[in-house]
Amino acid sequence: MGKTIEIAQKFDGDDGKSVMPNEYARGLIIEHAPSAQALKLMNLMIGEAGGRMADDTWHQITLGQIRKIKGMRKHNKESLRPLFSELRAMTYSFDNTEKEKIEIGGFLDHAEIKYKNDVSGALEIQWRFSTMFKRMANESNHWAIIDRQTQFALRSRYSLLLFQHLSSYFPLQHITYKKFSISELRSVLNIEDTAHPQFKFFNRDVLKPTIAEINQISRFEITMTMIKNGRAVSEVQFSWKERTNIAPINHELNQPKQGRKARREGRVEYISMTQPFPTSGGLSYEKYWLEEGRRIWSDTGRNPRDFPDTKLIADHVRKKANEQNISLDNPKIEKLFENVVKRWI
């Protein structure tokens with residue numbers, strides 16, 4: 001057994017932090033990247049398993065426990081099934097330079113959603129980690145300590161992946177920065193070559209929003225520096241320092257997620273609980289919904305410039321809302337809108 005399991009055992013029962021093997025925190029998703037909600041579920045599963053993550057056994061959590069976590073949606077068996085499907089399909093790769101080998105495998109071997117007691121709200125979820133993950137965890141001597149409140153509050157898949165990766169460096173006192181080539185950084189964030197091909201758009205649409213979101217709700221302040229080779233950016237350096245005053249961070253984490261982007265950008269907080277969806281027309285003059293649509297579209301790995309006609313999307317959302325008897329000012333409209341954008345072909 002490596003040191004990572006020993007550290008994880010010390011954090012068992014800690015709702016604020018969880019331990020992840022560095023080999024996984026720094027691994028690359030090379031096929032079937034999961035959504036932000038699936039990534040949060042993955043982190044929850046690792047945190048709940050804790051010091052038993054390397055054991056060849058079933059791990060368990062209840063739906064009630066999931067619903068108590070701020071940042072996880074109010075899931076049910078229907079919404080959990082596709083998340084487990086995403087995690088089962090995901091393929092991870094880690095270049096183990098110490099052992100001079102590249103490890104490739106999955107995260108999840110088997111999951112069960114037991115709904116016998118679903119009516120009483122006692123739905124149970126069980127899972128077994130993959131052989132690769134268990135062996136990796138068992139042999140690991142380096143670990144990432146994940147701030148769970150920050151991880152669950154992040155909304156962008158890119159923010160989740162970068163925060164997870166950088167968290168593996170935060171405990172190391174002698175390391176305060178990390179450089180990535182553009183190719184390496186795209187791999188960490190699981191961005192295909194066809195998406196954001198020009199760096200200026202990659203920086204504008206992915207990197208800057210990602211760093212801004214992490215900095216708004218993390219106890220670590222991250223600075224991004226562009227390193228040029230001639231006139232072209234060849235590397236990106238992330239530096240970090242732990243904040244001495246985390247009161248503003250805690251205050252923001254206790255605020256509704258709606259309006260967080262507006263607060264981050266210093267704009268008027270024009271949304272309190274749910275911004276009503278427009279009753280007619282497209283999204284051109286509805287800044288909140290247009291920005292949300294583009295964020296969701298980008299999080300699926302698609303180019304923001306390919307974002308579809310907003311009138312078509314808006315009409316489809318209104319049609320679905322009418323079919324499902326959801327009013328346009330109902331909080332459920334946000335989830336409906338997200339599903340429409342994600343599934344748009």
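How many nonpolar, polar and charged residues make up the lining of the second largest pocket? By class, that lining has 10 nonpolar, 11 polar and 11 charged residues. Keep in mind while looking around that this is a predicted model.

**The second largest pocket**

Let's stay with this pocket for a moment. Its volume comes to about 780 Å³. The lining is made of 32 residues, and N22, R26, F94, D95 and T97 are the ones closest to the centre of the pocket. Several elements give two or more residues to this lining: α2 (22–25), β4 (91–96), β5, α6 (131–139), β9 (177–181) and α9 (182–188). Strand β4 gives the largest share, with 4 residues.

**The second largest cavity**

The structure holds 2 cavities of 30 Å³ or more. The second largest cavity has a volume of about 40 Å³. To find it in the model, look for A25, G27, L28, I29, L161, Q164, H165 and V188, which line it. Two elements, β2 (28–31) and α8 (157–167), each supply at least two residues of that lining. Helix α8 has the largest share, 3 residues. Sorted by class, the lining of this cavity has 5 nonpolar residues, 3 polar ones and no charged ones.

Here are the two spaces side by side:

| Space | Volume | Lining by class | Largest share of the lining |
|---|---|---|---|
| Second largest pocket | about 780 Å³ | 10 nonpolar, 11 polar, 11 charged residues | β4, 4 residues |
| Second largest cavity | about 40 Å³ | 5 nonpolar, 3 polar, no charged residues | α8, 3 residues |

**Out on the surface**

Over to the outside of the protein. I30, I102 and I104 form a nonpolar patch on the surface, and together they have about 300 Å² of accessible area. One of these, I102, is found in strand β5, which covers residues 101–105. Is I102 buried or exposed? Its relative accessibility is 55%, so I102 counts as exposed, because the cut-off for that label is over 50%. Strand β5 also turns up among the elements that line the second largest pocket.

**Near the end of the numbering of helices given here**

One last stop is R343, in the segment after α15 (332–342). R343 has a relative accessible area of 65%, so this arginine is exposed too. How far apart are the C-alpha atoms of R343 and V19? They are separated by 33 Å, and the two residues lie 324 residues apart along the chain.

Definitions and conventions. Residues are numbered from 1 along each chain as its sequence is written. This is a predicted model: local features need pLDDT of at least 70, side-chain atom pairs count only at pLDDT 80 or more; totals for chains, interfaces and linings use all residues. Side-chain values use heavy atoms; hydrogens and water are left out. On a 1 Å grid over the protein atoms alone, a cavity is a set of points where a 1.4 Å probe fits but cannot get out, and a pocket is an open set with protein on both sides within 12 Å along at least five of seven lines; lining residues have an atom within 4 Å of a point. Grid points are joined across faces, edges and corners, and a volume is the space filled by probe spheres set on the points. Ala, Val, Leu, Ile, Met, Phe, Trp, Tyr, Cys and Pro count as nonpolar, Asp, Glu, Lys and Arg as charged, and the others, Gly among them, as polar. Patches are made of residues with over 30% relative accessible area and no salt bridge: like charges are joined within 9 Å, nonpolar side chains (Val, Leu, Ile, Met, Phe, Trp, Tyr) within 5 Å. Accessible areas come from the Shrake-Rupley method with a 1.4 Å probe; for residues, only the protein chains shown count as cover. A salt bridge is a side-chain nitrogen of Lys or Arg within 4 Å of a carboxyl oxygen of Asp or Glu. Buried means under 20% relative accessible area, exposed over 50%, partly exposed in between (1.4 Å probe, protein chains only).
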